[in-house]
Amino acid sequence: MTKYAAFDVSVNDSALCIMDADGNIVEETKVASEADAVAEALRQHRSDIGLVGLEAGPMSQHLFDGLAEAGYPVVSCETRHTKAFLKARRNKTDRNDAKGIAQMMRTGLYQEVHVKTRASQEIRTQLGARKTLQRQMLDLQNSIRGLLLYRGARCQDGCPLGW
């Protein structure tokens, strides 16, 4: 019988819910928010898993990659759509959110989001870090230039930090 798994991802622990095709809960548990721990939690149901769902977000990127590498059919769900779906549920807890996402997987009421490749994410991270460093260096240069000007020292245009 096909089973649907879903995770509500948090910083340390993720709530896991596995649901069968009839909507009955097969398993509910908490697992560490690490790709290996998540894959291990699904291992006993591996042959029956039809779909694994995660809500898109910064914490779910590495779990998505880990589950995909482990061979699970994994989907990253659009956050606003998922939030609207889960808003109708009575109690807002990680456990209930995992149940709701599993229900979305079971019924097909999810909107899939494209997940960037790991290489693309790495390049984006490096570009962001470079931009931050450039901005901080320019702020520091301007601050030093202002302090020197206050003391009467002038720096010519294009003057490097080694004045």
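The protein exposes about 10,400 Å², and carbon and sulfur atoms supply 51% of this area. Accessible areas come from the Shrake-Rupley method with a 1.4 Å probe; for residues, only the protein chains shown count as cover. This is a predicted model: local features need pLDDT of at least 70, side-chain atom pairs count only at pLDDT 80 or more, and totals for chains, interfaces and linings use all residues. Residues are numbered from 1 along each chain as its sequence is written, and side-chain values use heavy atoms, with hydrogens and water left out.

**Fold and extent**

The protein has five helices and five strands. Their order from the N terminus is β-β-β-α-β-α-β-α-α-α. The radius of gyration is 24 Å, well over the 15 Å that the globule rule gives for 163 residues, so the protein is more spread out than a compact globule. This radius is taken over C-alpha atoms; the rule is 2.2 Å times the number of residues to the power 0.38. Along the principal axes, the C-alpha atoms fill a box of roughly 80 × 35 × 25 Å. Helices (H or I, at least four residues) and strands (E, at least two) are DSSP runs, numbered from the N terminus.

**Burial and cores**

Of the 163 residues, 33% count as buried. Buried means under 20% relative accessible area (1.4 Å probe, protein chains only). A nonpolar core is a set of buried Ala, Val, Leu, Ile, Met, Phe, Trp, Tyr and Cys residues joined through side-chain atoms within 4.5 Å. The largest such core has 20 residues; F7, L42, V52, L54 and L67 touch the most other members.

Another core, of 14 residues, lies apart from it; among its members are C77, L86, I101 and M104.

**Contacts**

Contact means heavy atoms within 4.5 Å. Among contacts between residues at least 6 apart in sequence, 52% join residues at least 24 apart. Not counting residues up to four places away in sequence, L67 touches F7, V38, A39, L42, V52, L54, Y72 and V74.

S76 sits in strand 5 (residues 74–77). S76 counts as buried, because its relative accessibility is 5%. Leaving aside neighbours within four places in sequence, S76 contacts L54, E55, A56, F64, Q111, E112, V113 and V115.

Technical notes:
Buried means under 20% relative accessible area, exposed over 50%, partly exposed in between (1.4 Å probe, protein chains only).
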